[in-house]
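Here is a short briefing for a reader new to this structure. Look at the sequence and the model first, then go through the points by topic.

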Amino acid sequence: IRTQVGILGAGPAGLLLAHLLHKAGIDSVVIDTKSREEIEGTVKAGIVESPAAEVLSQSGVSDRIYSEGMKHDGIEFHFDGTAHRFDFQKHTGKSAYLYPQHEVLKDLIAARIRDGVTPLFSHTATAILDAESSQPRIVGTNAVGEGFEIAADIVVGADGSSSVARSFVNKDRNSSYFREYPFAWYGVLVKAPPSFDELIYSRSEDGFVLISTRDRDVQRMYFQCDPELDAASVSDEEIWRKLQAGIAGVELTRGPIFRKDVLRFRSFVAKELRNGHVFLMGDAAHTVPPTGAKGMNLAFSDVLWLNEALREYFRSGSESLMDAYPENAMKRIWKAQHFSYWMTTMLHVAPDASEFDKKRQLGELRSVTESAAANAYLSEGYVGWDYEADD
Ligand code: DHB
């Protein structure tokens with residue numbers, strides 16, 4: 001196969017880049033190890049920032065986000081037995097949208113099929129050859145074990161946190177910035193109506209709880225747990241006790257729990273985002289802990305910077321925006337790293353937290369919730385900073 005841009009990974013980043021390149025008349029081939037059913041069926045986060053919703057809508061991927069997604073004009077923090085609301089509309093004039101990531105993926109895949117360039121599912125890349133030349137190649141095997149080769153002008157690694165492409169851009173394991181957290185999330189999907197009309201982020205002596213939603217019939221909730229916890233070992237009764245702890249004045253509506261999983265936390269940034277004609281973006285380049293739901297929204301920033309750079313390259317042959325891509329992308333990557341780290345550490349109780357740590361944390365929550373400036377700061381970060389690349 002011969003194409004202009006070979007993209008590893010049919011996640012939100014890879015598919016959005018393919019869509020935007022197509023609109024600029026640049027052809028690409030997207031491959032993914034997983035099948036379409038697996039990709040569309042994987043449970044991920046649910047929050048789409050205001051600028052991300054605009055990108056999806058204005059580029060023609062989908063308007064479903066506005067018609068079927070749920071507009072959220074604020075969130076609540078619960079701590080010390082009290083509830084505090086952050087008013088997004090008042091502070092930013094914008095909203096966040098609850099629209100599950102697998103629905104975004106369905107829209108993006110439908111757009112590729114509509115354009116006549118269906119992604120190659122069940123295609124596993126094993127290596128990127130001649131990365132430093134102007135004709136890199138992706139090699140791998142397909143679902144029936146036959147070899148394939150994609151020759152391209154540019155190769156993009158958008159293949160997620162266990163990226164194959166990353167090792168062809170960052171040669172050793174020390175080429176990254178990394179942080180682990182001493183806790184994880186226990187996540188459940190529940191068949192029940194919503195308990196509350198906004199998301200609740202709660203901090204109590206028992207740790208963190210998040211009450212989120214998927215739609216009128218399915219709710220998504222998480223509580224802080226040990227990263228080594230076996231998801232199957234926790235009884236439903238224990239789950240409800242953990243979820244209800246710390247939630248002030250809201251009785252959770254119960255229903256059958258039909259999915260239980262443990263989500264590990266990591267903060268990670270690859271040092272290099274480019275090697276010759278090979279680029280990294282999205283989770284292949286960086287991972288954030290889930291608090292604040294920045295993952296996909298951050299990935300779109302990389303996509304817009306790279307889209308702008310590749311358009312220039314194919315139009316004029318100039319590599320100046322390709323050269324600028326890592327520096328441009330890194331600015332928002334570190335802002336989002338900070339926001340996710342801040343939301344995480346402000347709301348979780350580390351297993352080894354001292355009494356000082358806990359009282360300081362409550363002091364921080366009071367400072368943030370009582371200050372109008374801090375309310376605006378959190379709201380701006382949550383609904384999403386504007387993207388800077390030209391579209
Ligand atoms: C969800 C996940 C998050 O990490 C978050 O901050 C908000 C919502 C979710 O899965 O609904």
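Ala, Val, Leu, Ile, Met, Phe, Trp, Tyr, Cys and Pro count here as nonpolar; Asp, Glu, Lys and Arg count as charged; the others, Gly among them, count as polar. By these classes, the shell around the ligand has nine nonpolar, four polar and two charged residues.

This is a predicted model: local features need pLDDT of at least 70, side-chain atom pairs count only at pLDDT 80 or more, and totals for chains, interfaces and linings use all residues. Residues are numbered from 1 along each chain as its sequence is written, and side-chain values use heavy atoms, with hydrogens and water left out.

**Ligand shell**
- The ligand is surrounded by 15 residues (a residue is near a molecule if one of its heavy atoms lies within 4 Å of it).
- Tyr 201, Ser 212, Arg 214, Tyr 222 and Pro 290 are the closest.
- Strands S14 (199-204), S15 (207-213) and S16 (218-225) each give at least two residues to the shell (strands are DSSP runs of E, at least two residues, and helices are runs of H or I, at least four, numbered from the N terminus).
- Domain 1 and domain 2 each supply at least three shell residues.

**Polar atoms at the ligand**
- Ser 212 places a polar side-chain atom 2.6 Å from an oxygen atom of the ligand.
- For Tyr 222, a polar side-chain atom lies 2.5 Å from a ligand oxygen atom.
- Gly 292 uses a backbone N or O atom, 2.9 Å from an oxygen atom of the ligand.
- The protein covers 99% of the 300 Å² of accessible area that the ligand has on its own (Shrake-Rupley method, 1.4 Å probe).

**Two domains**
- The chain is divided into domain 1 (5-72 + 95-179 + 266-350) and domain 2 (184-263); these bounds come from an automatic or database domain assignment.
- Their centres, taken over C-alpha atoms, are 29 Å apart.
- The contact takes 17 residues from domain 1 and 18 residues from domain 2 (contact means heavy atoms within 4.5 Å).
- Together the domains bury about 1,400 Å², 68% of it on carbon and sulfur atoms (buried area is the accessible area, 1.4 Å probe, that two parts lose on being put together, summed over both).
- Val 43, Leu 347 and Val 349 supply 37% of the area that domain 1 buries against domain 2, more than any other three residues.

**His 102**
- His 102 sits in helix H6 (residues 101-114).
- Not counting residues up to four places away in sequence, His 102 touches Glu 40 and Thr 42.

Methods: A polar contact is a pair of N or O atoms within 3.5 Å; within protein, one must be able to donate a hydrogen and the other to accept it, and residues adjacent in sequence count only if both atoms are side-chain atoms.
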